[in-house]
Amino acid sequence: MAYPSRGSAYWRRRDVEAGGGTSGDFGDGSSLDPFDITSTKNAPVDRLKRWRQAALVLNASRRFRYTLDLKKDEENKQTLRKIRANVQALRAAHLFQAAGEHVNGTAKSPIPSKDFGISQDQLVLMTKDHNYSAFEEYGGVKQLSNLLKTNLEKGICGDDADLHARRNAFGSNTYPRKTGRSFWMFVWEAWQDLTLIILIIAAVASLVLGIKTEGIKEGWYDGVSIAFAVLLVIVVTAISDYRQSLQFQNLNEEKRNIHMEVVRGGRRVEVSIYDIVVGDIVPLNIGDQVPADGVLVSGHSLAIDESSMTGESKTVHKDSRHPFLMSGCKVADGSGTMLVTSVGINTEWGMLMASISEDTGEETPLQVRLNGVATFIGIVGLTVAVAVLIVLLARYFTGHTKNSEGSPQFKAGKTSVSKAVDGAIKIFTIAVTIVVVAVPEGLPLAVTLTLAYSMRKMMADKALVRRLSACETMGSATTICSDKTGTLTLNQMTVVEAYVGGEKMDSPNSSSQLPTTMVSLLTESIAQNTNGSVFSPEGGEDVEVSGSPTEKAILRWGLKLGMNFEATRLESSIIHVFPFNSEKKRGGVALKLMDSEVHVHWKGAAEIVLSSCTRYIDLNDQVAALDEIKMMLFKKAIEDMAASSLRCVAIAYRTYDLKDIPTDEEQLTEWALPEDELILLAVVGLKDPCRPCVKDAVRLCQKSGVKVRMVTGDNLQTAKAIALECGILGSDADATEPNLIEGKAFRALSAFEREETAEKISVMGRSSPNDKLLLVQALKKRGHVVAVTGDGTNDAPALHEADIGLAMGIQGTEVAKESSDIIILDDNFASVVKVVRWGRSIYANIQKFIQFQLTVNVAALVINVVAAVSSGNVPLNAVQLLWVNLIMDTLGALALATEPPTDHLMHRPPVGRREPLITNIMWRNLLIQAVYQVCVLLVLNFRGRSLLNLKSDSSDANKVKNTLIFNAFVLCQVSDIL
């Protein structure tokens, strides 16, 4: 009978995880095994408490160091609520006081600072209190910028002297953070292990009794050697843990270091959020984080999500009447520019961040499962230790335990109390030491060690890990839903084809064949309907173009047509903006010209904008009807360009009557730009070449059982051409539905049909962010472990829903990054594949460590139990067992958990999330190695004297034999680890 393969849909449906629901992920109390958690992403607190309570732990402070501190997390939430409440109360009090001063005429005039016309305290009070009356008294944003020596168009000067003066006057955009724990704190935590404390007490008692009975010359050996071994374990453990802590601190610093664009000296420059100063002009777009407190300079449909500050999940629209912006909030919609007025600790965000402990840890599914394994092994070890203790004590006090001369160590009524107590302490010490070895405290921490190592190495591979669990989950990924632009392609767009005036331009970069009115309208549309900018340095240097890759390509095309960016923008004023929308696939702007004429310009996906056009401008500068023949010509042009893997963008406009435009600011905000009866100006094709290494990366994924699916907002034909070039589609024969599907066709299916179709999809074109979310949900219900790439704000739901959300580091918005688990710093698909390798490596390394540790445990426990029962003595004493523990918990973990990934890992299928940690092959290897070691050690224990020709009556014979057993045992572990 043929069984279904592991990668089949049937096998995945057998997985409880195939349910795809949240409760299925965490086992909301229905799972009997508290350690059976396959996903810790948004896990319920009760579920996390259950496995902590079930774990057998000897040193809780060390074992749970890198897991989520549930108590501290709740304390942070309470602190945030208190601070928010206090801020609201203070704001209300200040506003009440300011109103009273205004009525009584006692309001204080601004007291200028040394270098600027306004002081830090005045700015902080105005911004924190959202004091609009103070804002008006200072002269609004224009006069405020003069007081701060800022040009609203060109920003600050930005040289070193200017930046230094601003930091001195208003502070820097940093806030005090709680310092990391010192090395001595880690020593103290390592000391908290219950068994180590017992061993130290036993060592002191052994030392005192040894000196009393044998004298200081001979009696100090046992006690001091145990104490030294314990101290060595503590120091090595602390050093290992401290180094891990430093790695996590460095990675957390990277996460916080956001880079943003500011306007300085007339040009847009990218700076770290920590380098932003008061007076900076900051452009804001959808998905950006507000980097500091400030006021709005200009904005279009700007909506801010202030939930991180107020705790209320609603967006707040900003305009000239509500100009205040708070640091740490996100831009939910629209665009605008802000003037920074307060930074760092002078902002509410800075106060919040300085008041809470940020890093409360996070557990991973593998960590939880290993705690379950450690608990099981620990219970077995504890049982064995108790059994050994009972047997040894019984043999000792019944006179069956012999010394080196062969006489009983204890004789009732003859042996002194101190000697009897000393003998009992030694037996107790051995039992406690067996517990130290048997309870593998270092097993769950091995995950942390390998994750810390992997995260550091992944940074070099251009992947910044935000959630630890994502590292290991990537090893189980069965499918990757990837964006096209910038991930599979280079994101270096250029206009290579253009249809203007109803005909294809011979040279798309020359305006010689175009009429003047056409050029004027095109340059007006390109210059005004954009989020990008053009900076022309003095001295004839090359112009600098900024913005998204699509915006930059069209702006460069406009420059080649003769556009003067600054002059063109001054010829008209913006009335209203409809920012580019990934649902509608277009963006628009309404302009008022010098003669009060109104132009409404649109730009977006070619076939969508074309469908709204009824006319076009021909090469004779005449507006002509867009009849069926011309419509078919443009559609054919779009199809041909798309088939050549070009992104097609259409530019259109229409006139509008000024009196029909709302004059009230609130009504204008709600006004919908007219998008019918448009006049087509141009259709352009943008080339964005595939990344050179992407085809090999896709092939490697396919070989390793990971299906790559392209999900793009581009035209279906463009997506098909790129997919063929990348190897996602094998041939034209594969490019049929449902392998190739449009977003609207997919979303029109029923839930069951979507699940069936999702399995087959390789390319989805003209998809919206909601289509991507539906695809992720359908694939998860089919049992897939889904990784998703995204860069836009609207990708956040899909990134959050996916098992692994991968945000783009260059083009990604802050909202997308915060919803993600891993940030791909170079936006390259090849880096995504490297993350898959690292995920599989983590799992493989942990399995190696488990196999090694279990082999040591089995061998050490069996030899001691057999020897204790048969002779009343154990060949491996306390000091030797502590040395074994040192090898296992620290040095062994360091060696095995930090092995780099190999190509062989990508020749295996994905790791099943419910696949047993200890596979059949591991059990085979473990048992063979353990039986071999036990046999060698038992032969040496019972036949060691005769094999070494030792005299039975020699007092040192037993010591020599036991030394040989220990060395043989250590050498067996060396061969095992190799």
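Visitor: At what angle do the axes of helix α33 and helix α36 cross, and within how many Å do they come?

Guide: Quick ground rules first. This is a predicted model, so local features need pLDDT of at least 70 and side-chain atom pairs count only at pLDDT 80 or more, while totals for chains, interfaces and linings use all residues. Residues are numbered from 1 along each chain as its sequence is written, and side-chain values use heavy atoms, leaving out hydrogens and water.

Now your helices. The axes of α33 (residues 829-871) and α36 (residues 957-977) come within 10 Å and cross at roughly 160°. That angle makes α33 roughly antiparallel to α36 (under 35 degrees is roughly parallel, over 145 roughly antiparallel, 65 to 115 roughly perpendicular, and the rest oblique). An axis here is a line fitted to C-alpha atoms, for helices over the stretch in contact, and angles run from 0 to 180 degrees between N-to-C directions. Helices (H or I, at least four residues) and strands (E, at least two) are DSSP runs, numbered from the N terminus.

Sorted by class, the contact of α33 with α36 has six nonpolar, two polar and one charged residues. Nonpolar covers Ala, Val, Leu, Ile, Met, Phe, Trp, Tyr, Cys and Pro; charged covers Asp, Glu, Lys and Arg; the others, Gly among them, are polar.

Helix α33 also packs with α26 (residues 694-703), at about 30° and with the axes 9 Å apart. Because of that angle, α26 counts as roughly parallel to α33. This time the crossing is left-handed. Val-694, Ala-697, Val-698, Leu-700 and Cys-701 of α26 make the contact with Phe-829, Ala-830 and Val-833 of α33. In the contact of α26 with α33 there are eight nonpolar, no polar and no charged residues.

Next, a sheet. Eight strands line up as β8-β26-β25-β24-β9-β21-β23-β22, forming an open sheet with mixed pairing (two strands pair if DSSP finds at least two bridges between them). β8 (463-465) and β22 (740-742) are the edges, each with a single partner strand, so one side of each has no neighbour in the sheet. From one strand to the next, the twist averages 20°. Inside the sheet, β25 (residues 804-808) and β26 (residues 822-824) pair in the parallel sense over three bridges, and Met-808 has Ile-824 of β26 as its bridge partner. Helix α27 (residues 716-726) packs on this sheet, touching β21 (707-711), β22 and β23 (763-765), and its direction makes about 150° with that of β22.

How values were computed
A crossing is left-handed if the near helix is turned anticlockwise from the far one by less than a right angle, and right-handed if clockwise. Contact means heavy atoms within 4.5 Å.
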